[in-house]
Amino acid sequence: LESLEAPRSAHAGPAADERALISELVRRSQAGDAEAFGELYDRFQPDIVRYLTHRVRNPDVAEDLAQQVFLKAWQAIPRYQDRGAPFQAWLYRMAHNQMVDYFRTNRHTTDLEHVEIPEEPEAEALVLADEMNEVLQAALERLSDDHRQVLVLRFLMEKSAREIGEIMGRKEVTVRGLQMRALHALRREIESMGGLP
Amino acid sequence: VTRQPSFDAIVDRCLDDIVQGRATVSECLERWPEHRADLAPMLEAAVGMRAVPRVPARAPDPARRQALMIQIGQLPQDRRRRLIPALPLPRFGGGLAMRLASAAAPVAAVVVIAALLLFSQTATPASAATLTLFEGQAEVFRDGRWQAVADGDHIETGARIRTVAGGYAMLTFDDGSTLSLAPGTELAIELASFREDHPRELVVRLTAGRIWNDVALDLRQGARYEVITPDAVVRGSGPVFETAFQEASTVVTAADGYVELTAGGQSVPVTRGELARTRAGVIAEHRASDVLDEAIIVAAPFAATLFSERGEATGVRTDGTVLRQLAGVTTTIPGPDPQRFNLQGLGEGSYTLLLQRIGEGDGEVIVRTNGRTQRVPVEVDGSARLEIEVTGETGVPWLRLASESVIETDPAAFAFRIVESARTRNAQPLSERPAVTPPQRPDVQPGPRPATTPDAAPTRPAPTPESTPAVDPTRPPQEQPARPQRATPEPPARGLPDFVLRIEAEREAFRRDLRAALASDDEELLAATIEAALDEDDPALLRTRMGVLAQFLDEPRMVAQLRTLFDVDATPGRPGTPPGLERAPGLLNRLEGALEQAGPPASRGRLDRALGPLFAPGRQQGERPIMPEPAEPEEAEATEDRGSLLDSLR
């Protein structure tokens with residue numbers, strides 16, 4: 001129980017330094033310092049691309065959307081205000097909005113060829129993983145946007161409930177409830193498709 | 001009292017453990033047996049999520065990062081509007097209405113200004129270029145996917161565009177710069193800014209394929225035209241060049257002017273007729289290009305345009321509009337000098353040369369290919385056309401006349417596809433330009449049908465009394481007659497890289513000197529001018545002058561004078577002595593030396609080809625040139641040099 005409630009400050013030192021550094025980069029970017037913004041790009045672009053790739057399932061599209069996200073972030077950063085959530089949460093929200101726009105104007109593409117599948121030693125395992133992936137992706141597609149987002153962040157981006165809360169702008173406890181409902185919904189969808197292979 | 005964690009906290013903890021690999025589903029269920037029934041389906045679903053392949057985190061692509069930095073450099077940030085401080089409002093004694101009005105006025109003014117600012121920002125250039133689609137398809141990446149675009153569509157800054165297989169397209173920018181895309185080309189317009197009060201800024205990122213860049217000249221300080229490839233940057237401010245990125249290598253070929261190729265921290269200037277190539281991110285090759293380098297000269301009072309089968313056109317309309325749509329071709333504007341098409345890398349295929357009359361009289365079309373000259377008389381009342389083919393039958397593309405004579409034609413049958421730009425708006429009607437000089441043909445007899453004709457002997461003009469004495473190699477340098485002094489070249493304008501300014505100034509100065517010498521009919525002056533030009537240590541400048549010389553050697557009048565100067569026709573085939581050497585001793589050696597020093601020069605191939613017929617008047621294609629024989633031991637080395645030059649003329 002102690003471990004459940006333990007404060008997440010084991011690495012408060014380096015984390016605080018990192019946060020201070022990012023705050024400084026944000027402040028300089030707000031003042032129009034492109035180099036500082038470039039450093040923010042270096043830090044956060046890979047994660048934003050990963051997130052978008054999981055959502056749009058096409059690495060090229062994800063890269064382009066991420067580029068748009070950072071262009072918009074550059075324009076909007078003077079209006080960014082630190083309200084306690086980390087800066088990347090702001091970027092994730094912009095990425096999410098960008099992705100919503102993308103899906104609004106495009107049909108879903110399920111170009112599985114673009115998604116890298118980890119190499120397995122045996123072909124059979126690879127085929128099985130591929131089939132499971134297809135079922136899961138199809139099930140994820142049927143979920144609501146909130147459910148899908150929380151599952152992607154939790155399991156594919158390996159974010160904690162607290163981090164997800166910051167990204168989604170919700171309380172941690174709300175995210176916990178949301179992820180439970182999302183998992184239930186995912187299971188229902190999988191079962192409706194005949195279960196996992 | 002033990003506080004029982006909430007169920008969602010238990011789920012979260014289990015999920016953490018499973019995601020981090022600290023526990024399995026079974027272990028979690030054993031840890032919370034009272035929640036087993038509720039936990040199991042969720043945890044199994046969570047485990048299922050692990051089958052979804054992870055996307056590895058990768059550092060940002062440097063090219064994308066650079067693109068972003070360029071874009072944000074031009075993108076204004078959205079600044080929060082400042083609140084208006086409280087103003088000490090005057091009291092007019094007019095009561096509340098007046099006070100409200102006086103308070104509202106500045107607020108209204110601020111709102112109007114803010115609105116203007118807002119609209120002026122949103123109105124920043126949406127359209128960077130206009131697309132002309134000649135054949136096949138082109139697509140633009142918009143809203144996260146590739147979408148087909150049509151002829152005449154506007155392409156915005158930041159857009160990615162590609163030609164799919166078989167697609168031939170061209171982008172015309174507002175300043176008139178054009179960019180032709182070969183099939184299978186993909187690029188992005190990173191930056192496009194054309195303002196009257198600001199130098200042109202155009203940055204294109206080429207990720208695959210081949211583009212032909214025809215850049216409108218902008219000599220203002222800070223003017224930019226850049227093509228960024230994954231491993232190099234090509235910069236130019238007013239030239240014509242081709243950039244290709246294929247098989248992880250950037251290849252730049254300059255057709256006119258100069259560009260700078262930078263890769264791996266190294267830069268090289270690439271001048272007309274040169275090629276530079278990168279490999280593994282560094283400049284690995286810089287040499288004369290081996291593409292077709294031929295010419296079509298319209299020595300007749302006609303405005304000519306060369307059309308491809310796809311409808312691309314390069315040439316001049318009678319209203320002065322210049323079209324630059326064919327990759328591999330540049331054109332001059334008819335004026336005192338005949339209109340000339342320089343062909344460098346024109347693709348194989350059939351082409352039609354449309355001739356539209358702009359003056360009185362007849363003339364001819366001269367086609368120079370592989371060192372041979374074909375002449376077609378133009379004796380029609382109205383407009384005419386000439387069919388030309390570029391073939392690759394021998395492995396090297398070359399021109400072939402598909403029709404033996406010009407055919408009268410209706411120009412209305414030809415569609416000029418023109419996109420309005422600064423270049424078209426500023427076009428000067430040909431009727432307002434100096435007239436085309438009547439063709440001078442001292443060295444050819446016009447025939448009824450085109451034929452390959454060796455240049456005939458001209459009459460030798462008498463030297464003028466005040467002409468500069470010839471250089472005598474037997475006298476020491478201090479006793480040599482003074483060489484013509486060229487005026488210090490004036491840089492044309494600021495705004496170009498220094499090396500371009502210097503080379504362009506030299507090029508113009510030498511061209512001017514050479515033209516003056518040519519016009520004077522003074523053979524010694526001409527020889528001295530050429531000698532003086534060769535007295536240069538800087539390979540880039542030497543290449544430039546050789547290029548100009550080669551260009552002039554395409555002019556029949558120049559060839560005629562040089563042939564006279566070198567006594568080519570007075571000493572045909574005299575064994576042992578290259579013709580003309582006794583009149584201009586050392587010139588040939590100097591040419592050879594200059595060729596070696598400048599090498600591998602872009603102009604060498606052209607100069608060699610141009611000198612071939614000059615020094616071998618009776619030689620036909622395939623025959624060996626006149627070869628010198630070493631006679632005196634002390635001259636053996638020089639003679640060997642001459643021999644190697646002449647050898648190269650074969």
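The model is predicted: local features need pLDDT of at least 70, side-chain atom pairs count only at pLDDT 80 or more, and totals for chains, interfaces and linings use all residues. Residues are numbered from 1 along each chain as its sequence is written, and side-chain values use heavy atoms, with hydrogens and water left out.

**Stop 1: helix α3 of chain A**

Select residues 34-56 of chain A, which form helix α3 (helices are DSSP runs of H or I, at least four residues, numbered from the N terminus). Start at A:Asp33, the N-terminal cap: one of its side-chain oxygens lies 3.0 Å from the backbone nitrogen of A:Glu35. Move along to A:Phe44, where α3(A) bends by about 45° (the angle between axes fitted to the seven residues ending there and the seven starting there). A:Pro46 follows within four residues. Of the 23 residues, 17 are buried, so α3(A) is largely enclosed by the rest of the structure (buried means under 20% relative accessible area, 1.4 Å probe, protein chains only). After the helix comes A:Arg57, with a positive phi near 60°.

**Stop 2: the A–B interface**

Show both chains. Contact (heavy atoms within 4.5 Å) takes 48 residues from chain B and 62 residues from chain A. Eight salt bridges link the two chains (a side-chain nitrogen of Lys or Arg within 4 Å of a carboxyl oxygen of Asp or Glu). Select B:Arg65 and A:Asp42: they form a salt bridge, with the closest N and O atoms 2.7 Å apart. Next, highlight α1(B), which gives nine residues, the largest share of chain B's side.

**Stop 3: B:Glu364**

Select B:Glu364 in strand β25, residues 363-369 of chain B (strands are DSSP runs of E, at least two residues). At 2% relative accessibility, B:Glu364 counts as buried.

Key:
Chains are lettered from A and ligands numbered from 1 in the order in which they are written. Buried means under 20% relative accessible area, exposed over 50%, partly exposed in between (1.4 Å probe, protein chains only). The expected span of a helix is 1.5 Å times one less than its number of residues. A polar contact is a pair of N or O atoms within 3.5 Å; within protein, one must be able to donate a hydrogen and the other to accept it, and residues adjacent in sequence count only if both atoms are side-chain atoms.
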